[in-house]
Amino acid sequence: MPAATNPSISLSRRLPRARGWVACALVAVTAVGAAQATAFTYQGYLLVVRAELQQRMDARFGSKAGPRMAELAESLNAAGLIADEALRVERINQIANRARYVTDPVLWKSEDYWATPVEFAAVAAGDCEDYALAKYFALRELGMPAEKLRITYVRLLREGRLENHMVLAYYPEPGAEPWVMDNLEKRFMPAAERPDLTPVYSFNDDRVWKVQGGGDRELGSPQQLRKWRELLDRVRAEVK
Ligand SMILES: [Ca+2]
């Protein structure tokens, strides 16, 4: 049964050791030593409500934006108090998944727009990468090390067709199978129970990996990802 069905049971005692994406985690562990410093300090970004930023978001998105940001901050702060890490991650997944799914062309008049997590909070809507990024930022701000998380591009098999999709993978411990935080399948599940997802590449603050048979291939810094670079530039502009 998925962990989400019984939050009173500690996930960490039931995390299976399995195949699936285990190779990804092994590569991550051996690569951590050479990791570059993160380009963004997450503290105070989503979890601290700043009136000036709320007002700016109200001006862009209407008067509901600020209260939405405050509500999300309150929920995330409460989730941060959950002692069990896996349950805390599961809760963050649930909180972010409350947002409405709206495609980028409809919401942002853009084919592919990576919303900042503050924008995601202000409009309480987004598509796959917007959910994954907001979860990543929230967990990083709550103190989770980057090596436990990877924003992961996947191919999703749905109704007989392959689609591009993005999820956040959580690695409970080095070498462990990751768990998937997904806005479509909202249950927090081990990757091994998601045969509909095929990882293509992944990244966190420190690294980019191409997922391939026999293990992941490290591709260097995420700074080479234009979308990620541009997102961080917009995030930095928000917190100025
Ligand atoms: Ca988007």
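**Chat about the chain**

Modeller: Of the 240 residues in the chain, 39% are buried (20 or more other C-beta atoms within 10 Å of the residue's own, with C-beta atoms placed from the backbone; 12 or fewer is exposed, in between is partly exposed). This is a predicted model: local features need pLDDT of at least 70, side-chain atom pairs count only at pLDDT 80 or more, and totals for chains, interfaces and linings use all residues. Residues are numbered from 1 along each chain as its sequence is written.

Colleague: How many helices and strands does the chain have?
Modeller: There are 8 helices and 9 strands, taken as DSSP runs numbered from the N terminus (helices are H or I, at least four residues; strands are E, at least two).

Colleague: OK, at what angle do α4 and α7 pack?
Modeller: About 140°, and the axes of α4 (residues 85-96) and α7 (residues 128-141) are 10 Å apart. So α4 is oblique to α7 (under 35 degrees is roughly parallel, over 145 roughly antiparallel, 65 to 115 roughly perpendicular, the rest oblique).

Colleague: Which residues in α4 and α7 meet?
Modeller: V89, I92, N93 and A96 from α4 meet Y131, A134, K135, A138 and L139 from α7. They divide into 7 nonpolar, 1 polar and 1 charged.

Colleague: New topic: where is P174?
Modeller: P174 sits in the loop between β4 (161-170) and β5 (179-181).

Colleague: Why is P174 called partly exposed?
Modeller: Because P174 has 13 other C-beta atoms within 10 Å.

Key: Axes are lines fitted to C-alpha atoms, for helices over the stretch in contact, and angles run from 0 to 180 degrees between N-to-C directions. Two residues are in contact if their C-beta atoms, placed from the backbone, lie within 7 Å. Ala, Val, Leu, Ile, Met, Phe, Trp, Tyr, Cys and Pro count as nonpolar, Asp, Glu, Lys and Arg as charged, and the others, Gly among them, as polar.
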